Amino acid sequence: MCNMDLNEETLKNKLAGKLIGHKVYYFSEIDSTNDEAFELAAAGSPEGTVVIANSQTKGKGRLQREWHSPSGSNIYTSIILRPDLKPENAPQISILAGVAVAEIIDNFCPDMINLKWPNDVLLQGKKVCGILAQMKTSASRVDFIILGIGINVNIDYNQMPQDIKNTATSLAIETGRKISRQELIIGLYENMAKWYKKLMEGGFSAVKEKWLSMAPMIGQRVQIMSGNEVVSGKALGIDEQGSLLLLTAENRRIKISAGDATILKETQNNVAGN
Ligand code: BTN
């Protein structure tokens, strides 16, 4: 069993004094680490406070979806950040989170990771991590952001719900070995702090450049589902607000701020007579 690998005391000792993780709230079971972190932040908990759970009963995904959160195998964590940003630039933080997670997972399974807009981390083309950022604003500044991160670490294929079996994976499934959640989560906070400092001190360009280098969908034809709307076009990149820039078939450049992306397979046009 791998549920012993998340140990509250060891986590607290190893994270003492760190920018992210200096204050740890650990739960063996919780409804949602994002809800807990949101309440803590609203009550004044400082930047860098983290909530970690061994399982969630109401794990929340993007676009009102559920996040499957069984005990003993995965990472469920939420980080409180208080960046000095205008609300319209807050998506920079969730782009940054994708970069930080992808880079740290790459240490465990090199050359198998990439990113899909806005912040899905894919392992061998299947989703291994989801990120849900929620924020509170006041007086046209960000008050706080809750960065919720779910990573499929040691979950087996058999434990996955039917509806995600074709699209999701875990580190253990792809590498054939169990990974220490403790080691991964400590590395994750460290790497998140590194990228957060870069963003706060140097602006978005380094984060954006790294994101682009890990996102093979850029340059490809993609389809974005946003609510009931579907748009497709060539993905050109992302802007300063983390929006996806698309070139439509009508040669219009458009920006999309939220949605689900799929890379479209090019249809093969046979040469006449072949
Ligand atoms: C997605 O749909 O891609 C985002 C999933 C985010 C899941 C994480 S697990 C920890 C945190 N707590 C939640 O309730 N959700 C996020």
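Two strands are taken to pair if DSSP finds at least two bridges between them. On this basis, the predicted model contains an antiparallel arrangement in which strand β10 (residues 244-247) is joined to β9 (residues 229-238) by four bridges. Strand β10 also pairs in the antiparallel sense with β11 (residues 253-256), again over four bridges.

A search of the whole structure finds 15 salt bridges. One of these is formed by the side chains of aspartate 260 and arginine 62, with an N to O distance of 3.4 Å. This pair links distant parts of the chain, since aspartate 260 belongs to strand β12 (residues 260-263) and arginine 62 to the loop between β2 and β3, 198 residues apart. Aspartate 260 counts as buried because its relative accessibility is 19%, under the 20% limit. Arginine 62 is also buried, at 15% relative accessibility.

A further salt bridge, at 3.4 Å from N to O, is found between the side chains of aspartate 239 and lysine 255. Aspartate 239 is located in the loop between β9 and β10 and lysine 255 in strand β11; the pair therefore ties together parts that are 16 residues apart in sequence. Aspartate 239 is buried at 10% relative accessibility, whereas lysine 255 is exposed, with a relative accessible area of 57%. Salt bridges with shared partners also join Arg62, Arg65 and Asp260 into one network.

The side chains of lysine 136 and aspartate 143 meet in a salt bridge of 3.1 Å, N to O. Here lysine 136 is partly exposed at 34% relative accessibility, and aspartate 143 is partly exposed at 23%.

The loop between β2 (49-53) and β3 (75-81) also holds serine 55. Serine 55 counts as buried because its relative accessibility is 7%. Beyond residues up to four places away in sequence, serine 55 touches Ser28, Glu29, Ile30, Ser69, Pro70, Ser71 and Tyr76.

Terms used:
Residues numbered from 1 in each chain as written. Predicted model: local features only at pLDDT ≥ 70, side-chain atom pairs only at ≥ 80, totals over all residues. Heavy atoms only, no water. Helix = DSSP H or I, 4+ residues; strand = E, 2+ residues; numbered from the N terminus. Buried < 20%, exposed > 50% of the residue type's maximum accessible area, 1.4 Å probe, protein only. Contact = heavy atoms within 4.5 Å. Salt bridge = Lys/Arg side-chain N within 4 Å of Asp/Glu carboxyl O.
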